[in-house]
Amino acid sequence: MLTPYLLACLAILLAWPVPLWLQKAKWPSRAPRAALILWQAIGISGGLALVTAPLTWGLQPFGNGILSASIELWHVMQAGSIDAVFADDRWAPLGLAAVTLGCIIFGHLALVLIHTTYTTFSQRKKHREFVEVLSASLGDHDHQLVDAARPAINTRVLPVEHPLAYCLPAMSQPLTVVSRGLLDELSAKQLAAVLAHESAHLTQRHDLLRLAFQAWHKAAPWFPATRAAINEVTELTEIMADDAALSDHDHSDLKAALAHTLADPAADTVHSRSGAESQYTAVATRRLRCLIAPDTPLDSCRVSLVILSAGLLITVPAAVSLL
């Protein structure tokens, strides 16, 4: 049966060359939502193929797919006992080892996702407490600026001189944090554009998208493609937040605000931090380039083709391996 080998080939392609090719492509910034869907499909399908390839290879004597093989093993266990499953003479050499490997890979991916989620939410809670303690009481002038910019957003001001703006997502009462230095440098319209950008991150829950790819990278850090995926998803979510802000604000206001933060490398933002200033600078530079010379949006036919490809990338391997 060729299914296990096809799944193994798919896992290799989605773990290495395909993400690196997509990272070099020029079209994702023209259709960031479709590109994000495709990146998610690559991650899901790659993980699925990585798990199901050894499972289907080990279970192939009992059925064409994981589901039919599992049903057959269940019948064997009902007719005898759990020992009868392991003693069944239909097991191929190393069949049990392959099934065990698939289960270990699945457990590893699941545990890394759980640990990453727990760690991220714990750190975010501590960061929120830190912000609440250090945030300065808003003066009348600051109240006017923030309220005029985004009256519905919950904002805190940090008493630091660096131009800084970021958001802290939460299930209830998310925060947007700005620095005193940013308030001093931006006009009311520029501040409104910045807060609209951060609000888009909160409402569209970009943090959850990034969380999944951070877990993917932690689960398989030896694959360069996982780092490429984090960088690309970060950039695409920034572009999407810019697009949301530009629906109500001028390009010039957002460009000016971004230029202020880009001019100061210390103004790294929480939602785009990856552990290196170079990534923040690269993301901000690409954002600024898109604002200065906006790309023509990808036509609807090509967007539909990308979304269809993403759907097939998930459903076809899943159906082949399970049925």
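This is a predicted model: local features need pLDDT of at least 70, side-chain atom pairs count only at pLDDT 80 or more; totals for chains, interfaces and linings use all residues.
Residues are numbered from 1 along each chain as its sequence is written, and side-chain values use heavy atoms, with hydrogens and water left out.

The protein chain has 14 helices and 3 strands; these are DSSP runs numbered from the N terminus, with helices being H or I of at least four residues and strands being E of at least two. Of its 323 residues, 48% count as buried, where buried means under 20% relative accessible area, exposed means over 50% and partly exposed lies in between, with a 1.4 Å probe and protein chains only. Residues 24 or more positions apart account for 70% of the contacts with a separation of 6 or more, a contact being heavy atoms within 4.5 Å.

Two packed helices are described by the angle between their axes and the distance between the axes. For helix H3 (residues 32-59) and helix H6 (residues 95-134), the axes come within 7 Å and cross at roughly 160 degrees. Here axes are lines fitted to C-alpha atoms, for helices over the stretch in contact, and angles run from 0 to 180 degrees between N-to-C directions. H3 and H6 are therefore roughly antiparallel to each other; by the convention used, angles under 35 degrees count as roughly parallel, over 145 as roughly antiparallel, 65 to 115 as roughly perpendicular and the rest as oblique. The crossing of H3 with H6 is left-handed, a term that applies if the near helix is turned anticlockwise from the far one by less than a right angle, with right-handed used if clockwise. On the H3 side, the residues that meet H6 include Gly 47, Leu 50, Val 51 and Pro 54, and their partners in H6 include Ala 98, Val 99, Cys 103, Phe 106 and Leu 109. The residues of the contact of H3 with H6 divide into 13 nonpolar, 4 polar and no charged; Ala, Val, Leu, Ile, Met, Phe, Trp, Tyr, Cys and Pro count as nonpolar, Asp, Glu, Lys and Arg as charged, and the others, Gly among them, as polar.

H3 also packs with helix H4 (residues 66-79), where the axes come within 10 Å and cross at roughly 45 degrees. That makes H3 oblique to H4, and this crossing is left-handed. Thr 52, Leu 55, Thr 56 and Leu 59 of H3 make the contact with Ile 66, Ala 69 and Leu 73 of H4. The residues of this contact of H3 with H4 divide into 5 nonpolar, 2 polar and no charged.

Leu 38 touches Leu 22, Trp 27, Val 306 and Ala 310, not counting residues up to four places away in sequence.

Arg 124, in helix H6, is buried, with a relative accessible area of 16%. Leaving out residues up to four places away in sequence, Arg 124 touches Leu 168, Pro 169, Arg 205 and Asp 207. Arg 205 lies in the loop between helix H9 (188-203) and H10 and is buried at 19% relative accessible area. Its phi is positive, about 50 degrees, although Arg 205 is not a glycine. Gln 173, likewise not a glycine, has a positive phi of about 55 degrees; this residue is found in the loop between strand S2 (165-168) and strand S3 (175-179) and counts as exposed at 57% relative accessibility.

Within helix H9, Ala 200 is buried at 4% relative accessibility. Apart from neighbours within four places in sequence, Ala 200 is in contact with His 206, Ala 241 and Ala 244.
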